Amino acid sequence: MPGSFRIGSIAGIDINIHVSWLIILVFLTFSLATGWFPLYYPGYSVSTYYLLGFISTLLLFVSVLLHELAHSFVARARGLPVHSIVLFIFGGVSNIEQEPQSPGVEFSMAFVGPLVSLIIGGLCYGILALVRGSHSPVIPVLSYLALTNILLGIFNLLPGFPLDGGRVLRSIIWKATGSVQRATNIATFVGQAFAYLFILYGILLFFNGNVLGGLLIAFTGWFLLTAAQSARAQTALDTAFRGVTVGQIMNTNPMTVPADISLQRLVDEYFIPQGLRSALVLQVDQLAGLITLSDIRHVPREQWSQTPVGLAMVPTERLHTVTPQQSLSEVLPLMTGRDVNQLPVVQDGKLVGVLTRDAIIRSVEIRRSLGLDKRDKAA
Ligand SMILES: [Zn+2]
């Protein structure tokens, strides 16, 4: 995620913080120290309130981290690789590389997060019961953590994708119907409905004078809405290309040109006679780069005969390359949104093929006409 930085790692999982979380740190500390704590727990000094606010916010951060670690550890125990966790304004995201392969895995992976939040909240209430009546400064901190963790657990159990509860719902429908596609559609639909409710409620609060609370809730709704939409798109993609690797549909005989010929020769002997718009450039047998019509146009025409292809091309370091083993759904985001029509496929530095947009579209059409794009049978 752009705008996030690494603060360390736990059991090989990188822990990253998004800058938006720092804004929340300041905002929560300030609002606890000036609002909630003095109102419900009077009698402390101003600096104590700020210290308690800061400690509470940090412990909330630890709670969210524990929630995410629970997801990640279960995912990993079930064989799904997890590389990092990002903590940001609305909580955390565990970057789990693959979608779960069975409803049981999805259920336990999703449910454990809110479960951990509810347990932390319950423990805080338990400790509170022991120290109640005393005038200890741990009481406001524990009360805050108890409340926020219980709310975090409940909020995440709302049955709309992409919230944990949405994943729980999806796994149940998936188990019941055997169709991950249908389960995803229902769970994202419910997720979008909750998102619209949040936005509506936020707008109502806003116009009733609760400007900040209204904005925050409406913004949460908007976030849930976009997340539900992208989850739906991602699942459609995974389903369409389930089990398809780059190596299966790449062109193993890509058009290549040597790096040392001139642009004039490239145009006269390759581009014009063969109707090419681009070609991969080789230096001996290693991939050196990619040359396209627009790279050629950037060089003034009178210099074409003296300019070698290697000088005008986009070098390999600036190209996205893929390996034959990568799954198609994993590499497709490299092509969408950008003006990339082909990806060189490289194994140990050697060019073994090229993955083109056309080949992907053809593969989708063939799979669809053969009915191979349904994930249900395998699930
Ligand atoms: Zn969660």
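This is a predicted model: local features need pLDDT of at least 70, side-chain atom pairs count only at pLDDT 80 or more; totals for chains, interfaces and linings use all residues.
Biologist: Which helix gives the most to the nonpolar patch on the surface?

Modeller: The patch is formed by Phe107, Phe111, Leu115, Ile119, Leu123 and Ile172, with about 530 Å² of accessible area together.

Biologist: Is Ile119 buried, partly exposed or exposed?

Modeller: Ile119 has its place in helix H3 and belongs to the nonpolar patch. Its relative accessible area is 47%. Buried would require under 20% and exposed over 50%. Ile119 is therefore partly exposed.

Biologist: How are H2 and H3 oriented relative to each other?

Modeller: Two packed helices are described by the angle between their axes and the distance between the axes. For helix H2 (residues 46-77) and H3, the angle is about 150° and the axes are 8 Å apart. Angles over 145 degrees count as roughly antiparallel. H2 and H3 are therefore roughly antiparallel.

Biologist: What is the handedness of the crossing of H3 and H4?

Modeller: The axes of H3 and helix H4 (residues 138-157) come within 8 Å and cross at roughly 155°. That angle makes H3 roughly antiparallel to H4. H2 passes H3 in a right-handed crossing, whereas the crossing of H3 and H4 is left-handed.

Biologist: Is Glu106 buried or exposed?

Modeller: Arg167, at 21% relative accessibility, counts as partly exposed. Glu106 has a relative accessible area of 1%, and the limit for a buried residue is under 20%. Glu106 is therefore buried.

Biologist: How many residues apart in sequence are the parts that Glu106 and Arg170 tie together?

Modeller: The side chains of Glu106 and Arg170 meet in a salt bridge of 2.6 Å, N to O. Both Glu106 and Arg170 are buried. Glu106 lies in helix H3 and Arg170 in helix H5, so the parts they tie together are apart in sequence by 64 residues.

Biologist: What separation, in helical turns, lies between Arg265 and Glu269?

Modeller: Arg265 forms a salt bridge with Glu269, their closest N and O atoms being 3.2 Å apart. Arg265 is partly exposed at 40% relative accessibility, and Glu269 is partly exposed at 42%. Because the two residues are four residues apart in helix H9 (residues 263-274), the separation is about one helical turn.

Biologist: How far apart in space are Phe54 and Ala33, C-alpha to C-alpha?

Modeller: Phe54 has its place in helix H2 and is partly exposed, with a relative accessible area of 36%. In sequence, Phe54 and Ala33 are 21 residues apart. In space, their C-alpha to C-alpha distance is 8.2 Å.

Definitions and conventions:
Residues are numbered from 1 along each chain as its sequence is written. Side-chain values use heavy atoms; hydrogens and water are left out. Patches are made of residues with over 30% relative accessible area and no salt bridge: like charges are joined within 9 Å, nonpolar side chains (Val, Leu, Ile, Met, Phe, Trp, Tyr) within 5 Å. Accessible areas come from the Shrake-Rupley method with a 1.4 Å probe; for residues, only the protein chains shown count as cover. A salt bridge is a side-chain nitrogen of Lys or Arg within 4 Å of a carboxyl oxygen of Asp or Glu. Buried means under 20% relative accessible area, exposed over 50%, partly exposed in between (1.4 Å probe, protein chains only). Axes are lines fitted to C-alpha atoms, for helices over the stretch in contact, and angles run from 0 to 180 degrees between N-to-C directions. Angles under 35 degrees count as roughly parallel, over 145 as roughly antiparallel, 65 to 115 as roughly perpendicular and the rest as oblique. A crossing is left-handed if the near helix is turned anticlockwise from the far one by less than a right angle, and right-handed if clockwise.
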